[in-house]
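Here's a quick walk through a protein and its ligand. Have a look at the fold first, then we'll go through how the pieces pack.

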Amino acid sequence: MAGSEAADEQKFCLQEVLDTYRLCLSPEKEVYLEHYVAGWRGLVKFLNSLGSVFGFISKDAVTKIQILVALLNGENGSQYSTLQSMVKYELDNGLVDLTKRGPHPDSGCRTLLRLHRALRWLELFLERLRVSTEDSKTSALCAEAYNESLAQHHPWVVRKAAGMAFLVLPGRPTFFEVMNVGPPEQVVSMLGEAVPLISEVYKITEELYAEHNLLDLP
Ligand SMILES: CCCCCCCCCCCCC/C=C/[C@@H](O)[C@H](COP(=O)(O)O)NC(=O)CCCCCCCCCCCCCCC
């Protein structure tokens, strides 16, 4: 019994991720860190269910999630309730390495920036999946989305490794099945709900970071 419950807990479900993005924004359009992180947790589950080839990607995501969770649960956790409060708190207290790596290699701001860049990849990829046809290749959709976004922030070796991992992505039917939503039409319709939400969270974060000159944090 416990075993199957644990397995359920591991199982990815697109609905669950959609729900976390719904919860992400406050009425004043602030981004709640708790839900932002929960969204990534759900996505990592998906990645893990695709196999160990993606381990190096999910490992990096998990490390970053853990850094943020530790800040959220730490003694100054209340300062981390939203991205807006995190940015203010870390900048006001000199807790961010702004131009080169220094005493704060794991600031919330730089850690979240890495995930934020990956969120743009996700937005582009899910939108491509949404409008894809039965014979579309997920590996090609994924690579296009990556080249337009994250790749620009990655050195050659990482791009190479990512490109190789994309090649073994399952085809569209399996991919849709792993999402645990139901028939393809339902997946497409849920993607239609998810993409605008992700896109809004991305946009708000991008503007916040731009306003504070944080888009190139080392
Ligand atoms: C479904 C296919 C999944 C493909 C994932 C595409 C993203 C490829 C990213 C490759 C990252 C390689 C790992 C290393 C990254 C770091 O060097 C690099 C820089 O960090 P640093 O400044 O601390 O050194 N890190 C990053 O850019 C952060 C990467 C975070 C990637 C998270 C990816 C989660 C993917 C979730 C897939 C969900 C699919 C959803 C379908 C419903």
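## Reading the helix pairs

Before the packing, a word on angles: helix axes are lines fitted to C-alpha atoms over the stretch in contact, and the angle between N-to-C directions runs from 0 to 180 degrees. Two packed helices are described by that angle together with the distance between the axes. Keep in mind that this is a predicted model.

## Overall fold

What does the secondary structure come to? There are 10 helices and 0 strands, so, read along the sequence, the pattern is simply α-α-α-α-α-α-α-α-α-α.

As for size, the C-alpha atoms fill a box of roughly 50 × 40 × 35 Å along the principal axes. A compact globule of 218 residues would have a radius of gyration near 17 Å, and the protein agrees, at 17 Å.

## Helix 4 against helix 6

Helix 4 and helix 6 pack with their axes 10 Å apart, at an angle of about 140°. An angle over 145 degrees would count as roughly antiparallel, so this pair is oblique instead. The crossing of helix 4 and helix 6 is left-handed.

On the helix 4 side, the contact is made by K64, I67, L68 and L71, while helix 6 brings G108, T111, L112, R114 and L115. Sorted by class, the residues of this contact are 5 nonpolar, 2 polar and 2 charged.

## Helix 3 against helix 4

Helix 4 also has helix 3 as a partner: the axes of helix 3 and helix 4 come within 10 Å and cross at roughly 155°. That angle is why helix 3 and helix 4 are roughly antiparallel to each other. Their crossing is left-handed.

Helix 3 puts L33, E34, V37, W40, R41, V44, L47 and N48 into the contact, where they meet I57, S58, A61, V62, I65, L68, V69 and L72 of helix 4. The class breakdown for helix 3 with helix 4 is 12 nonpolar, 2 polar and 2 charged residues.

## Around the ligand

Which residues come nearest to the ligand? Of the 19 around it, the nearest are L43, D60, A61, A118 and A162.

The shell draws on several helices: helix 3 (33–49), helix 4 (55–73), helix 6 (108–130), helix 7 (138–148) and helix 8 (156–167) each supply at least two residues. By class, the shell has 16 nonpolar and 3 charged residues, with no polar ones.

Methods:
Residues numbered from 1 in each chain as written. Predicted model: local features only at pLDDT ≥ 70, side-chain atom pairs only at ≥ 80, totals over all residues. Near = placed C-beta within 6 Å. Helix = DSSP H or I, 4+ residues; strand = E, 2+ residues; numbered from the N terminus. Nonpolar A, V, L, I, M, F, W, Y, C, P; charged D, E, K, R; others polar. Parallel < 35°, antiparallel > 145°, perpendicular 65-115°, else oblique. Left-handed = near helix turned anticlockwise from the far one by under 90°. Contact = placed C-beta atoms within 7 Å. Rg over C-alpha atoms; globule rule 2.2 N^0.38 Å.
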